[in-house]
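Here is a brief report on one helix pair and some charged side-chain pairs.

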Amino acid sequence: MTYQRSSALFTEAQRYIPGGVNSPVRAFKSVGGVPVFMKSANGAYLTDEDDRTYVDYINSWGPAILGHTHPAVLEAIQKQAEKGFSFGTPTELETEIAKFIVENVPNIDQIRMVSSGTEACMSSIRLARGYTRRDKIIKFEGCYHGHSDSFLIKAGSGAATFGNPNSPGVTQGTAKDTLLARYNDIEQVQDLFRHNTGEIAAVIIEPVAGNMGCVLPEHHFLQKLRELCDENGALLIFDEVMTGFRLAFGGAQELFGVQADLVTYGKVIGGGLPVGAFAGRNEIMDHLAPKGAVYQAGTLSGNPLAMRAGLETLKLIKEDANFFQKINKTTETLDFEIGKILNEKGIQHRINRKGSMMSVFFHISAVSDFDQAQQANHSLFNNFFHQLLKNGIYLPPSGYETWFISAAITETEMDKTLDAVRKFEYS
Ligand SMILES: *Cc1c(COP(=O)(O)O)cnc(C)c1O
């Protein structure tokens, strides 16, 4: 069976869209081959342009946590669409979703809606800088906070130095204000604070990393970051674009019992429509325009269709007392059973998992930072990806990505998945 239509569509797309895609990971550059063009999605499944179906473990990179095209979310969007798509004025709906989130997430008083995770993270560091009147930030290697300039930074040479641009177009001037530390390395963060006394506005982190594959914070790491930030008058920013409303309703703050000063959201919060948000205590959020001096804005921010999709999704999650227990259990079973099959085949691997996020590293030892994630056997992952794809299982097309398990995955889909893993031939 061939990917006939996908191939033709990709060729056509490359004429008009840079690289044929609107976000790089979709191009399959990491795993090789032609990206599969999808035409529809329902529940646990994606359907491609050649009419093949796949059990979906990307779920739009997280938003489709209920499964695709959930009937209640669909109806909410349809009803809203009849009333208008966008007004450019305040709406009651925006307060309704803000109130719902503030009341159900620990440690936040106010929330500002934007249209992507990138915007949320970018705005959160501007606010942190404006609030602390300091310029520098600390981020961790392998963590992704969207594509704004301050985050497209890689480690410089030598320890405890400032970062270098990780993309042409990012200036040295911007790079010098972003300091890099190794994930789970608290001493390095301590050193950075010591060498930059009174200059660090914020530490930003994915409290469970998902953008170098799934990598977990070691015991008390987040708590120690909290303490270092307090000692040094810096803000702690949790980038919960992946983890928010997924690891727990209150995200990593709730799950680990560590409070952040600012929290960013995206993905699940929009239920599949383009939404991001950032939130915090009054004392900090009051510095945002129009109340405060830190400027931030958006023509489509708080868009009614997006707010409806988000609110309906969040309510469905909240109403189901066993929601997280169920998706976590599914993920645990997949972890356990896939591990068993790979062991039987004698394939060395590590599976990292937290809640409904997991990834398989073909590596002999634990993966707890970016260096270790890079040492994994990615060509073997690419082989694994393609063999599963052929058997109707859609994994993220890179060994540096997390699988997102949705509530639509049942035993039927798990069985299909495990069958495909059993057929995996290690060559
Ligand atoms: C996806 C992601 C972002 C960026 O969100 P976009 O909506 O793609 O701009 C930021 N942070 C994390 C942790 C993410 O996973």
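Is the crossing of helix 3 and helix 10 left-handed or right-handed? The crossing is left-handed, meaning that the near helix is turned anticlockwise from the far one by less than a right angle.

This is a predicted model, in which local features need pLDDT of at least 70, side-chain atom pairs count only at pLDDT 80 or more, and totals for chains, interfaces and linings use all residues. Residues are numbered from 1 along each chain as its sequence is written, and side-chain values use heavy atoms, without hydrogens and water.

**Helix pair.** Helices are DSSP runs (H or I, at least four residues), numbered from the N terminus. Contact (heavy atoms within 4.5 Å) involves residues including F100 of helix 3 and L311 of helix 10.

**Salt bridges.** The count comes to 19. Each is a side-chain nitrogen of Lys or Arg within 4 Å of a carboxyl oxygen of Asp or Glu.

| Pair | N to O distance |
|---|---|
| K315 and E96 | 3.4 Å |
| D261 and R281 | 3.2 Å |
| D286 and K291 | 3.4 Å |

K315 lies in helix 10 and E96 in helix 3, 219 residues apart. D261 is buried at 5% relative accessible area, whereas K291 is exposed at 65%. R281 is partly exposed at 25%. Buried means under 20%, exposed over 50%, partly exposed in between (1.4 Å probe, protein chains only).

Notes. Helix = DSSP H or I, 4+ residues; strand = E, 2+ residues; numbered from the N terminus.
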